[in-house]
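Here is a short tour of a protein model, with an eye on charged side chains and surface patches. Have a look at the sequence and the structure first, and then we can walk through the details together.

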Amino acid sequence: MSLVDQVNNLKLDDNIPSGDANQQDDSFADMLADYEPETLKQGQYVQGTILQINGNVILADVDAKRTAVVPPQDIIKLEENELDQLSVGDEVTLYVLRTPVGDEDLLVSINKGLEQKDWIDAKTYLESSELLELEVIGHNKGGLMVSFGHLHGFVPTSQVPQLKHNQNQSQIASQKAKLIGEELSLKVIEVDRDRQRLILSAKRAQREVRQQHLEALKLREGETATGRITNLVKFGAFVDLGSIEGLVHISEIAWQKVDKPSEFLTRGDEIEVLIQHVDVEKERVKLSRKALLPSPWQSFEENHTIGELIEGVIMNVTDFGAFALVADCIEGLIHVSEMRGAQRCFVPG
């Protein structure tokens with residue numbers, strides 16, 4: 001017997017004082033008020049418990065006057081894995097599609113309930129600044145579209161570092177098309193449920209990923225690494241270490257004097273370098289090729305002793321003495337006090 005029937009069948013004892021009877025009436029009214037289910041409205045989100053699942057329909061208890069029905073047209077929108085994960089007894093968020101009139105069904109949507117969960121998740125990602133890996137599913141003139149659960153997120157062109165913005169619209173569109181199917185590291189930068197706006201940025205994500213890579217590389221200072229030369233400039237060479245580019249300054253290319261990096265290195269070549277210093281804040285990585293090459297100073301020390309007579313070529317004469325090339329990459333100073341007037345006879349070269 002239902003609670004309503006029990007209440008309707010209760011009789012007041014004729015001998016009960018009227019005050020007590022009124023109090024009992026109030027108690028029954030409270031019980032009825034507690035039992036009366038909430039009246040649902042179209043567009044409302046409610047929590048429900050799945051009662052039954054079959055191929056065409058899902059039934060759920062939403063604590064209403066009748067069982068809620070998820071219609072077939074809503075079920076077919078579910079991914080196969082999503083449908084497989086649903087079980088009787090599961091608590092789910094549902095969206096009221098239609099409130100019943102007469103004998104009509106109370107229609108609800110699981111898809112829109114999942115969308116609501118995705119909006120809540122997006123808000124969480126916005127507040128936490130956590131990185132996301134999302135697949136590019138399309139593009140338009142303004143940017144890229146990515147899949148975020150049951151929502152479509154938008155990445156403006158200005159927020160995609162991979163796109164070369166100095167190209168014309170046709171070239172940029174071609175670049176966007178090539179990104180379809182690829183996964184991008186992204187950060188949520190705007191969530192507006194009412195306006196259906198979910199905006200993300202690959203640029204901000206890239207900055208954070210770069211910081212993480214720099215911090216990891218910082219721990220490897222003093223270690224060797226293998227990289228590929230990506231560019232040669234007058235002051236050195238840029239080397240790609242896989243996730244971060246570092247600079248081999250012209251003074252760290254070789255022990256010899258280097259006038260042009262291209263005389264020692266070729267773009268595209270793979271080289272071994274020493275990680276000298278990583279400045280995480282300034283995003284700079286200093287590398288050295290010279291440090292891994294045999295030191296001519298060590299070789300000179302091993303092959304010569306103090307007091308030994310050697311020959312050299314005068315490279316420069318100054319007021320305080322003369323510089324002589326005594327071995328490959330090694331110049332020595334003949335101080336003016338050691339020359340005894342012979343400096344007048346020295347001619348560079």
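How many helices and strands does the protein have? There are eight helices and 18 strands, both taken as DSSP runs numbered from the N terminus (helices are H or I with at least four residues, strands are E with at least two). Please keep in mind that this is a predicted model, where local features need pLDDT of at least 70, side-chain atom pairs count only at pLDDT 80 or more, and totals for chains, interfaces and linings use all residues. Residues are numbered from 1 along each chain as its sequence is written, and side-chain values use heavy atoms, with hydrogens and water left out.

**Overall picture**

Of the 349 residues in the protein, 30% are buried; buried stands for under 20% relative accessible area, exposed for over 50%, and partly exposed for what lies in between (1.4 Å probe, protein chains only). The protein exposes about 22200 Å², and carbon and sulfur atoms supply 47% of that area. Accessible areas come from the Shrake-Rupley method with a 1.4 Å probe, and for residues only the protein chains shown count as cover. Among contacts between residues at least 6 apart in sequence, 54% join residues at least 24 apart, a contact being heavy atoms within 4.5 Å.

**Salt bridges**

Side chains of opposite charge can pair when their charged atoms come close. Here a salt bridge is a side-chain nitrogen of Lys or Arg within 4 Å of a carboxyl oxygen of Asp or Glu, and by this rule the count comes to nine. Three of them are set out below.

| Salt bridge | N to O distance | Relative accessibility |
|---|---|---|
| Lys117 and Asp121 | 3.0 Å | Lys117 44%, Asp121 25% |
| Lys187 and Glu208 | 2.8 Å | Lys187 13%, Glu208 26% |
| Glu190 and Arg197 | 2.8 Å | Glu190 25%, Arg197 29% |

Lys187 and Glu208 meet in a salt bridge. Lys187 lies in strand β9 (residues 183-192) and Glu208 in helix α7 (residues 202-218), so the pair ties together parts that are 21 residues apart in sequence. Lys187 counts as buried, whereas Glu208 is partly exposed. Lys117 and Asp121, by contrast, both lie in helix α5, four residues apart, which is about one turn of the helix.

Is Asp118 buried or exposed? Asp118 is buried yet has no salt bridge, and the nearest side chain of opposite charge, Lys117, is 5.4 Å away. For charges, Lys and Arg count as positive and Asp and Glu as negative, while His and the chain ends are not counted. Leaving aside neighbours within four places in sequence, Asp118 is in contact with Phe148, Gly149, His150 and Leu151.

**Surface patches**

Patches are made of residues with over 30% relative accessible area and no salt bridge; like charges are joined within 9 Å, and nonpolar side chains (Val, Leu, Ile, Met, Phe, Trp, Tyr) within 5 Å. The place of a charge is taken as NZ of Lys, CZ of Arg, CG of Asp or CD of Glu.

Glu133, Glu135, Glu182 and Glu183 form a negative surface patch. Glu135 is found in strand β6 (residues 132-140) and is partly exposed, with a relative accessible area of 39%.

Val313, Met315 and Leu325 make a nonpolar surface patch of about 210 Å². Leu325 sits in strand β17 (residues 321-327) and, at 31% relative accessibility, counts as partly exposed.
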